[in-house]
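Let's take a walk through a two-part assembly together. Keep the viewer open and follow along as the text moves from whole chains to single residues and back.

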Amino acid sequence: MSQIRWARTARGRALVAGMLAALVVGMWTLAASAAPVKITFWHALGGEHGEIIADLVAEFNASQDEVLVDAQYQGNYGTLMQKLMAAVAAGDPPTLTGSYNNWTSVFIDADAITPMARFVNDAQVGLSDDELADFFPAFLEANTWDGVLYSLPFNKSVQVLYYNKDLLDQAGVGVPRTMDELAHAVREVKAKTGVPGLALRPDIDTFAAYFRAFGGEWLDASGNPAFDGEAGVRAIRFIQELVADGSAYTFDGWLDEEFNKGNMAMFIHSNSTIPWVRAGATFAWGTAPVPAGDRPASTVAGQDLVIFATASEEEQLAAWKFVKWLLSPEINARFSVGTGYLPVRRSALETPVMRAYIGQAPEQYASGNESLDRLVFDPSIPAWNDMRSFISEAVESVLLLGVDPQAALSDAARKSRQAILDHM
Amino acid sequence: MQARAPLSRTRLRRVLPHIEGYLYVLPAFLILGVFHLWPSVYTFFLSLHNWNFIRRNPTFIGFANFQRLWSDEYFWIALKNTAVYALGVVPASIVIGLCLALLLSEGGRLSVLYRVLLFTPVVTAASAAAVIWKWLYAPGADGFFNILLGLFGLGPYRWLQDPSLAMPSVILLGIWKSIGYNVVIFYAGLRNISREYREAARIDGASPWQELVHIVLPLLAPTTYFVLIVSTISSFQVFSQVYVMTGGGPLNRTLVLVYYLYDRAFASFRIGYAAAIAFVLFVIIMALTLAQRAVLQHRIHYDR
């Protein structure tokens, strides 16, 4: 009854048996030649940034045959977090991912990730004491929970002041170094050129730049919201007054596009926006560290690298090898130069590629590195995401609806206290 | 034991002839069970817990999520906004839908074309429509609506950024999106009204207006009732256009219940709390439907 023709003849059967044997032998040889360990790496680096990380991953894959990294762009940061949570819940996360420190705290709480310290401190594959000390201490501190290093800094950016040199020159003012100079410059530009001196988004990131410079801390020593004190009110009044007299204005789109059109002289934003300004500005421009208030302080944003605990030992080790390579001085410098993100270790500053990059236009590219000794970080608590929206809402209600700054901030602090409880 | 055996055998004998019937409903029952019933039960289970998706086990906290909801100002803002949205969309889309259906039912050859045009928004994915409307609502002088109004010397308006315009803008899209469905249902309802009633009225000397008010509308009442309930339910579930166009802003002016639920579940990962919102939303919709039924049902004249 058999309809399978090849099985009827001896020659057919022999042929198939031979093919099967060849297949088995082939697979066995492949396995014996130690196929590379395949790992997945999720990130949210799109556009130009995405191309740079893709190139680096390809270079790493070609440079050795032990590890094969499959880097996957997951969309924006919100989408990345949703996919990570779904993947962890389903027990199938990537081997390695970019993660904000408040996400990392959620993963730690769920025992979902392996502390990076396990690999960093490993005698064979880890980092030497000198190598570890080469990382900027502020970054290591921000990646440490209860004394354990869980993650390592990756695409870190810092707020800087972007300025239109032509407009500042026309107004006869220099690049502001302090908040007082900033207020003066903003008003001079408006008075002399008619163009607003400053544009700002009515949100927490804008608030953070001034609040931190005026000495503010998000949480007090016992972890309670503390942004509704004097520094908070001063920061929000500072912005409010500039907006009120028309020398600054609020804008809720892309500030770099607005800047490139020449619609204002200055804005404070992440230094990772430099490539977009470089591509679009048709005038002399530069960047500088955020002007100092009571202290110099520059807010850091961006992600760290974490390795998931669900991956096999072999995969975790492979992920570590990639992390170690990606954060090595030369590669870190190239990533930083290509993307505008900060170098994460001191020796990257001394690499030829970094020196050449800064050297070609120090007034545009040096501000990030100049901010490295004055970095301040957002709280790494699960409720931070909610707190961000409460604070943005407070800033919006002051700037757009004229609500009293103290009342708005106190309200946001009250909601934040509740949110911290809710996330316990 | 021995006494029960024959009993179960008779039962089996009674059920067996119908086994085919059970098999026929099995696929539907499975789909409903897996995708509707079980999730509903599980949602209620989760609403009694504190969980963030990835902690090993949800913590049982009784009705604490519901208590918290009661004192959560954002929940009340979302509830109010959802009610505003429903009040903005439901009456307008029913009245406009009815008028268009009346025109269509009197209409000639082109009515098929008009039906297609009117129904297109309904079958367009809500998110796709929202992307296009977001573009129409662009805030600058080069936004589509601003160009139109600019011809009359008005604007430009910041449709989705201005706290007082954002909700009306979202409502306008909601009306546009739901009219088509209402037209089709009303149109079918109108076709079901026997010609004889209307002819009889005309012979008795009724004006077209009298014919509409005293014959057509009363006979259309079951359809109107259906449209009212379905539109109310769907406007309480509004999500896509808010997600795409405003993200609940500016200043929470377009924060609606389902968006808040989404935000709690998938931005803050407070799954238990989001489940509690879902459960409350279910109760609200159920209560509204029952209320509409209680108020309206005895006023509806069913023909036949």
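The paragraphs below start with the ground rules, then visit each chain in turn.

This is a predicted model, in which local features need pLDDT of at least 70 and side-chain atom pairs count only at pLDDT 80 or more, while totals for chains, interfaces and linings use all residues. Residues are numbered from 1 along each chain as its sequence is written, and chains are lettered from A and ligands numbered from 1 in the order in which they are written.

Let's begin with chain A. Its secondary structure amounts to 20 helices and 13 strands; these are DSSP runs numbered from the N terminus, with helices being H or I of at least four residues and strands being E of at least two. Along the principal axes, the C-alpha atoms of chain A occupy a box of roughly 95 × 55 × 50 Å. Of the 424 residues in chain A, 48% are buried. Here a residue is buried if 20 or more other C-beta atoms lie within 10 Å of its own, exposed if 12 or fewer, and partly exposed in between, with C-beta atoms placed from the backbone. Among the contacts in chain A with a separation of 6 or more, 73% are between residues 24 or more positions apart; two residues are in contact if their C-beta atoms, placed from the backbone, lie within 7 Å.

Now zoom in on strand β10 of chain A, residues 266–270, where five of the five residues are buried. Strand β7 (residues 152–164) of chain A runs antiparallel to β10(A), and the two pair over five bridges; strands pair if DSSP finds at least two bridges between them. Within β10(A), His269(A) is the bridge partner of Val160(A).

Next comes Ala209(A), which sits in helix α10 (residues 204–213) of chain A. Why does Ala209(A) count as buried? Ala209(A) is buried because 25 other C-beta atoms lie within 10 Å. Setting aside neighbours within four places in sequence, Ala209(A) is in contact with Gln159(A), Ile268(A), Val290(A) and Thr299(A). From Ala209(A) to Ala292(A) the C-alpha atoms are 9.6 Å apart, although the two are 83 residues apart in sequence.

Step back to the domains. Chain A is assigned domain 1 (37–156 + 302–375) and domain 2 (158–299 + 379–422), with bounds from an automatic or database domain assignment. The C-alpha centres of these domains of chain A are 28 Å apart. Their contact involves 18 residues from domain 1 of chain A and 19 residues from domain 2 of chain A. On the domain 1 side, α4 (101–109) and α18 (362–370) of chain A are the elements that give two or more residues.

Chain B has 13 helices and two strands, and its C-alpha trace spans about 85 × 55 × 35 Å along its principal axes. Buried residues form 28% of its 304 residues. Chain B is divided into domain 1 (4–47) and domain 2 (66–299), whose C-alpha centres are separated by 36 Å. Four residues of domain 1 of chain B are in contact with six residues of domain 2 of chain B.

Finally, where the chains meet, chain A gives 16 residues and chain B gives twelve.
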